[in-house]
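This briefing is meant for someone opening the structure for the first time. Please look over the sequence and the 3D view below before reading the points that follow.

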Amino acid sequence: MKQSKHTGKKGSYIVEAVIVLPVFIAAVIALMSVVPVTASCENMVFAAADEMRLESAKSVFRKNPAALPLSAVYRMKDENPKAKSCHTVSYRYFYEDHSISDLFSFRFRAVFSQNSPAGIFDSVIFDGTVTARAFTGKLHKEPPAGGSEEEDDDRTVCIFPEWGTRYHSRTCTYVKAACMLVYLSQDTKRAYKPCSLCNASSARIGSPVFCFKESGKAYHMADCRTVDRYYVEISRKKAREKGYTPCSKCGGG
């Protein structure tokens with residue numbers, strides 16, 4: 001009786017191993033197949049984002065709409081030998097969205113092959129989008145004392161796109177109490193934490209988010225209950241062209 005019981009336990013272990021081991025091996029093979037594909041996709045996005053960063057800096061000195069799609073596609077192909085094809089799907093150069101000006105947006109499609117143990121990723125189609133704002137030298141540009149009227153028009157002011165008809169200085173109390181609309185970047189992620197109330201951690205790079213620069217430590221989604229009045233920064237000239245008038249409290253900077 002004791003020998004029979006001992007043999008029964010061994011048999012149950014063998015049955016469990018037969019059931020569990022193939023599942024475990026399949027999971028490891030699937031993981032080994034997915035990781036290289038993810039790495040290739042991230043490498044392509046990094047190449048496109050780095051070329052966009054270079055173009056945003058060069059745009060201070062010259063405007064060349066054709067440069068970014070060519071340089072980004074060439075670099076993605078050059079750094080990913082397994083890429084069968086890579087082409088631009090859509091491209092926007094120096095456009096405005098939510099009162100944020102000087103934006104770039106680059107969408108691409110890449111097809112590449114990836115050897116995998118399971119043979120499930122022989123051909124991968126990857127669609128990527130990268131959005132950034134060009135560096136124009138206007139964001140923190142302040143005219144010298146006694147500057148010309150043209151320099152004064154380039155001064156950065158703050159407006160509330162969905163509230164009010166006035167433009168304000170950065171030091172205005174209305175601005176300090178409100179949040180600012182920005183497009184999520186790695187710099188924003190380093191400076192702020194995602195808000196837990198609105199699941200801001202799900203926001204992707206390039207998505208519009210809101211930050212309280214004076215007092216907040218988190219970035220928020222548009223539907224967050226903490227987001228009420230938000231502002232954007234534009235030049236005084238553009239604010240006047242949109243019909244905004246100086247704030248009666250701060251004089252508009």
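A salt bridge is here a side-chain nitrogen of Lys or Arg within 4 Å of a carboxyl oxygen of Asp or Glu. The model is predicted, and by this rule it holds eight salt bridges. The protein has six helices and eleven strands, and of its 253 residues 36% count as buried.

**Salt bridges between distant parts of the chain**

- The side chains of lysine 242 and glutamate 96 meet in a salt bridge with an N to O distance of 3.0 Å, and this pair links parts of the chain that are 146 residues apart.
- Lysine 242 lies in the loop between α6 (236–241) and β11 (245–246), while glutamate 96 belongs to strand β1 (residues 83–97).
- Lysine 242 counts as partly exposed at 42% relative accessibility, and glutamate 96 is partly exposed as well, with a relative accessible area of 38%.
- Another salt bridge joins the side chains of arginine 109 and aspartate 127 at 2.7 Å, N to O, and it connects strand β2 with strand β3 (residues 124–133) across 18 residues of the chain.
- Arginine 109 has a relative accessible area of 33% and is partly exposed, and aspartate 127 is partly exposed with 44%.

- Arginine 75 lies in helix α2 (residues 67–79), and its relative accessible area of 16% lies under the 20% limit, so it counts as buried.
- Its side chain meets that of glutamate 51 in a salt bridge of 3.1 Å, N to O, which ties helix α1 to helix α2 through two residues 24 positions apart.
- Glutamate 51 is likewise buried, with a relative accessible area of 14%.
- The side chain of arginine 75 also makes a polar contact of 2.7 Å with the side chain of aspartate 50.
- Apart from residues up to four places away in sequence, arginine 75 touches Phe46, Ala47, Asp50 and Glu51.
- Salt bridges that share partners join Asp50, Glu51, Arg53, Arg75 and Glu79 into one network.

**Nonpolar cores**

- In soluble globular proteins, nonpolar side chains tend to be buried together.
- The largest nonpolar core in this model has 37 residues, and those with the most contacts inside it are Ile159, Tyr219, Tyr231, Val232 and Ala239.
- Two or more residues of this core come from each of β2 (100–112), β4 (156–159), β6 (179–183), β8 (208–211), β9 (218–220) and β10 (230–235), and β6 gives the most, with five residues.
- Once its neighbours within four places in sequence are left aside, isoleucine 159 is in contact with Ser99, Arg166, Tyr167, Tyr230, Tyr231, Val232, Ile234, Ala239 and Tyr244.
- A second, separate core consists of 22 residues, among them Val37, Met52, Phe104 and Val130.

**Surface**

- The protein exposes about 15400 Å², and carbon and sulfur atoms supply 57% of that area.
- A nonpolar surface patch of about 960 Å² is formed by Ile14, Val15, Val18, Ile19, Val20, Leu21, Phe24, Ile25, Val28 and Met32.
- Valine 20, one of the residues of this patch, is found in helix α1 (residues 2–58), and its relative accessible area of 51% is over the 50% limit, so it counts as exposed.
- Lysine 217 sits in the loop between β8 and β9 and is exposed, with a relative accessible area of 70%.
- Beyond its neighbours within four places in sequence, lysine 217 is in contact with Tyr192 and Lys193, and its C-alpha atom is separated by 8.8 Å from that of cysteine 195, a residue 22 positions apart along the chain.

**Backbone and contacts along the chain**

- Aspartate 102, in strand β2, has a phi near 60°, a positive value in a residue other than glycine, and this aspartate is buried with a relative accessible area of 11%.
- Asparagine 199, in the loop between β7 (193–194) and β8, has a positive phi too, near 55°, and it counts as partly exposed at 47% relative accessibility.
- Among contacts in the protein with a separation of 6 or more, 62% are between residues 24 or more positions apart.

Conventions:
Residues numbered from 1 in each chain as written. Predicted model: local features only at pLDDT ≥ 70, side-chain atom pairs only at ≥ 80, totals over all residues. Heavy atoms only, no water. Core = buried A, V, L, I, M, F, W, Y, C linked by side-chain atoms within 4.5 Å. Buried < 20%, exposed > 50% of the residue type's maximum accessible area, 1.4 Å probe, protein only. Helix = DSSP H or I, 4+ residues; strand = E, 2+ residues; numbered from the N terminus. Contact = heavy atoms within 4.5 Å. Patch = residues over 30% accessible without salt bridge, like charges linked within 9 Å, V, L, I, M, F, W, Y side chains within 5 Å. Areas by Shrake-Rupley, 256 points an atom, 1.4 Å probe, with all protein chains shown as cover. Polar contact = N/O pair within 3.5 Å; in protein donor to acceptor, adjacent residues only side chain to side chain.
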